[in-house]
Amino acid sequence: MFDLSILIPSVLNGLTTGAIYALIALGLTLIYGVLHIINFAHGASLMLALYAVYILHTKFGITPYWALPILIPGMFLLGYGLQKIVINRSSHGRDENILLVTLGISIVMENLALLVFRSDTQTIETDLTLAVVEIGPAFISTPKVIAFGGALLSSLILYLLISKTDLGRAIRAVSKEKAGARLMGIDVDHVYAMTFGIGLAALGAAACFLLPAYYVNPQVGSGFVLIAFTIVVLGGMGSFGGALVGGLLIGVVESLGGLYLGESLGQIGIFLIFILVLLFRPNGFFGAKA
Amino acid sequence: MKPLLSIAAFTAVVALFPLVTDSGVHLNFVMMALYAGLMGMAWNVLAGFGGQFSFGHALFFGFGAYIHIIAQLSWGINPWFAIFLAIAVSALVGAVVGALSFRYGLKGSYFALVTLAFAEVARILALSVDITGGGVGLMLPLKPSVANMQFESRVGYYYMMVVMVVVALLLTQWLKGARFGAYLQAIRDNEDAARAAGVDPFQVKLRAIALSGAMMGATGAFYVQVFQYIDPAIAFGPQASVEALVAAIVGGLGTVWGPLLGAVVLHTLSDVTRNLFGALPGINMIIYGSVLVLIVMFLPRGIAGLGVSVRDLFGKKRS
């Protein structure tokens, strides 16, 4: 049962999925950390991005990795617009209202996809689909290895963006002290929209790395959204490192859970972790204050 | 007395409706609007009066549905008793979820997410255990007779729904005036102040989620009886949770009539769209989602709040 030749591939597979989870969760945790809102439409936005990659590949022959320069700005604009036009005007002083509006947005996105693409599950084939990389006793499919590297690289770029640039400084200033940042001449609404845009741009990148190794259907986002929430809560709302470690951890938990409990029951492990962490450690394990 | 008169008048109108129409389509329309309204009323008890927004009311819906059908199929219990068992279990599930979440002080968005996770866990469990029939679902054999709660015509189910809605209306009206309801609304408006005034928020919220769960469980049992089929996606999937909260929010949170009003408006909208564009997949939910976004953006007090705002404008006191 604990045969290493089964265990190691399973852990490695979990890590590759986990890196993608981490990238998705980073967008969510960034939005939470700065705007202090929970973006329930995160999963549905990812689904839209996956469909965009799918269409670019099947209709225009653009390989998913070459779609990155299209997807990243595209998703950024979507996020910027959503925050500026819809979400910004909806809170009326209550956090729950944001949750409701983003829930509404995700319902609309998912069902528009259902209307346009029907409920069929779609996959794509690239030159690399059948290629594998040998790592010790494990054969990991090349798209997954690329996804792993791409997700980590994107996370690093995101980190540098937040920690080293002027925009990042403005974002951190707003997240710490909104009123003070405004007095320093920072346009808070613009920074909010930029942050939301960057959070969704991360999804655009994630979609490009994910689709060659995964699939897309209109419901695909709802699976990711709870996993992303779990990671964000586990890592501590708003914590960058927490999301990264949490993502890898959840990827491995899911993979091992699937190995020992079967595909569907394995998912329960994630939700149980989610419930337990919410109940007992709502600030997460990596210290960021909620 | 006036509120009770409105409920009586409403009861008379919906009870007499089958006498003036032969159209099964009209009857079905009103029945399903009432059904969605009942879900909204269940959600409203906890969210509208108690301020606790649940994203996982499907949990109670699913438990109501599964207990109701399993009691009949596996335990040989008559549906007229099974429905009360289903309601009781749903209330209990509500109490358990409430005990866990409120004990550890979950509020706002965190509470919403944890309820969603509970519903998901239930969905996956229902897919994996034998007694629910797994992904295949469970079918209620057709045995038409009043003793089996299976009516020859739609009218029987219609009256069953009317009774449930009237009970829910009376409950909500009672909640509005009773001491318990006052505690609940005090907690919604300011939990710390309510606690300082001697209210035990944990106890009050616990009772509210149990009551809300019971009402939602009743709609689940009704669903199974009418459609004679249930599977994990219908029972615990997001659809039921969404229908419940959208009806309540669109109509107006914390009001007696809001959820019903919201349900009627939403059903009318989806009916009109169906007539215009035909039955497109997902079109209903697109409407629900868009209406939800627009209402939260522009009418956070719902349609019922619109009347209040107009009255406020003319300087009359709110009742």
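How many Å should the 16 residues of helix α13 of chain B span at 1.5 Å a residue? Select residues 283-298 of chain B to find out. This is a predicted model.

Start with the run Asn284(B), Met285(B), Ile286(B), Ile287(B), Tyr288(B) and Gly289(B).

**Next stop: a helix pair in chain B.** Select α2 (residues 24-49) and α6 (residues 154-177) of chain B. Their axes come within 9 Å and cross at roughly 25°. An angle under 35 degrees counts as roughly parallel, so α2(B) is roughly parallel to α6(B). The crossing is left-handed.

Now show the side chains. On α2(B), the residues that meet α6(B) include Leu27(B), Met31(B), Leu34(B), Leu38(B) and Met41(B). On α6(B), the residues that meet α2(B) include Tyr158(B), Met161(B), Val165(B), Ala168(B) and Leu175(B). Arg154(B) of α6(B) also takes part. By class, this contact has 17 nonpolar residues, five polar and one charged.

**Last stop: where chain A meets chain B.** Show both chains. Here 36 residues of chain A are in contact with 34 residues of chain B. On chain A, select α4 (95-117), α9 (220-235) and α11 (263-280); each supplies at least two residues of the side that touches chain B. α4(A) gives the most, with 15 residues. Colour that side of chain A by class: 24 residues are nonpolar, eight polar and four charged.

Definitions and conventions:
Residues numbered from 1 in each chain as written. Chains lettered and ligands numbered in written order. Predicted model: local features only at pLDDT ≥ 70, side-chain atom pairs only at ≥ 80, totals over all residues. Helix = DSSP H or I, 4+ residues; strand = E, 2+ residues; numbered from the N terminus. Expected span 1.5 Å × (residues − 1). Buried ≥ 20, exposed ≤ 12 C-beta atoms within 10 Å, placed from the backbone. Contact = placed C-beta atoms within 7 Å. Nonpolar A, V, L, I, M, F, W, Y, C, P; charged D, E, K, R; others polar. Axes fitted to C-alpha atoms, helices over the stretch in contact; angles between N-to-C directions. Parallel < 35°, antiparallel > 145°, perpendicular 65-115°, else oblique. Left-handed = near helix turned anticlockwise from the far one by under 90°.
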